[in-house]
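Me: I've got a fold open on my screen and I'd like to learn how to read it piece by piece. Can we go through it together?

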Amino acid sequence: MIAGGQSLLPLLRLRLSFPDLLVDVGGLGELRGVRDEGDTLWIGALTTIDEAQHDPVLAQHCGLLAQTAVLIADPAVRHRGTVGGALAHADPAGDLPAVATALDATMIARGPGGERAIGAGEFFLDYLTTALAPSEILTGIRVPKLGPGWGYRYEKFHLAALARRADGHVAEARIGLTNMGLVPVRARAAEEAVAGAEASAQALRSAAERADEGTQPPSDLHGGSDYRRHLARVLTARALAAASGV
């Protein structure tokens with residue numbers, strides 16, 4: 001399947017994909033746009049990154065995704081690339097997988113057997129591999145609305161943080177990381193450490209020191225494993241501070 005094609009072209013260039021047949025799904029208008037469903041938002045898989053960036057409903061109820069969209073690639077890519085395509089591509093260094101993971105998003109897949117929902121934690125299986133069956137396509141993404149008290153921040157290293165502040169403390173937080181293994185992960189240790197902590201720079205930095213626990217960051221031309229661990233801790237502290245209003 002091909003929509004925007006922004007993920008497929010690099011795969012072809014790197015000789016990582018050899019499709020015999022491409023089906024263009026770009027004309028399926030019912031898979032485009034954002035719909036308010038009450039407690040959740042439905043985002044059509046064919047919604048472009050640019051459309052997500054400028055959608056007023058996303059800006060109001062899920063600002064983290066809108067904030068992230070602005071930082072993805074360049075205008076040409078954002079006008080062609082789709083939200084669903086970026087998630088189905090499952091690039092371990094991608095921007096939107098971190099956001100979907102932090103938001104506890106649900107992926108909606110459809111195939112010959114009907115429709116099924118797949119949580120973000122079960123959707124990303126391995127490098128460039130998702131839980132989508134060969135006969136399925138991703139039709140939409142369902143994300144919970146962010147209610148009162150929630151703040152958010154996206155850091156370009158591919159780290160998304162959400163924090164709900166109450167009575168001068170961080171009541172709860174969600175942190176999604178990419179670039180720290182074969183699939184996006186939640187920084188659970190840091191989330192647990194910050195829950196209930198005072199909303200202060202020192203407390204947030206202390207919790208962020210646990211951001212890399214349980215991860216297996218790769219070493220490549222862009223940086224070594226130790227560097228990625230250090231960066232994850234530093235940027236988690238920065239993102240938590242911004243999301244908490246510190």
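Me: What is the mean pLDDT of the chain?
Reply: The general idea is that where pLDDT is low, the predicted coordinates should not be read in detail. Here the chain averages 93, with 100% of its residues at 70 or more. Among the elements, helix α1 (residues 8–13) has the lowest mean, 78, while strand β2 (residues 40–44) has the highest, 98.

Me: Back to α11. Which of its residues are buried?
Reply: The cut-off to keep in mind is under 20% relative accessible area. In α11 the buried set includes Arg228, Leu231, Leu235, Leu240 and Ser244. Alanines are in there too, among them Ala232, Ala239 and Ala243.

Me: And what covers those buried residues of α11?
Reply: The cover includes strands β8 (150–155), β9 (159–166) and β10 (169–177), along with helices α9 (188–194) and α10 (201–208). Just past the end of α11, take a look at glycine 245, which adopts a positive phi of about 75°.

Me: Now charges. How many salt bridges are there?
Reply: The rule is a Lys or Arg side-chain nitrogen within 4 Å of an Asp or Glu carboxyl oxygen, and the count comes to 17. Lysine 145 sits in the loop between β7 (137–144) and β8, and aspartate 36 in strand β1 (residues 34–36), so the pair ties together parts 109 residues apart in sequence. Lysine 145 is partly exposed at 24%, and aspartate 36 is partly exposed at 42%.

Me: Is glutamate 136 buried or exposed?
Reply: At 15% relative accessibility, glutamate 136 counts as buried. Its salt-bridge partner is arginine 116, with the closest N and O atoms 2.7 Å apart. Arginine 116 is partly exposed at 36%.

Me: Which salt bridge involves arginine 229?
Reply: Arginine 229 meets aspartate 212 at 3.2 Å, N to O. That links helix α11 to the loop between α10 and α11, with the two residues 17 apart. Aspartate 212 is buried at 8%, whereas arginine 229 is partly exposed at 23%.

How values were computed. Residues numbered from 1 in each chain as written. Predicted model: local features only at pLDDT ≥ 70, side-chain atom pairs only at ≥ 80, totals over all residues. Heavy atoms only, no water. pLDDT = per-residue confidence, 0-100. Helix = DSSP H or I, 4+ residues; strand = E, 2+ residues; numbered from the N terminus. Buried < 20%, exposed > 50% of the residue type's maximum accessible area, 1.4 Å probe, protein only. Contact = heavy atoms within 4.5 Å.
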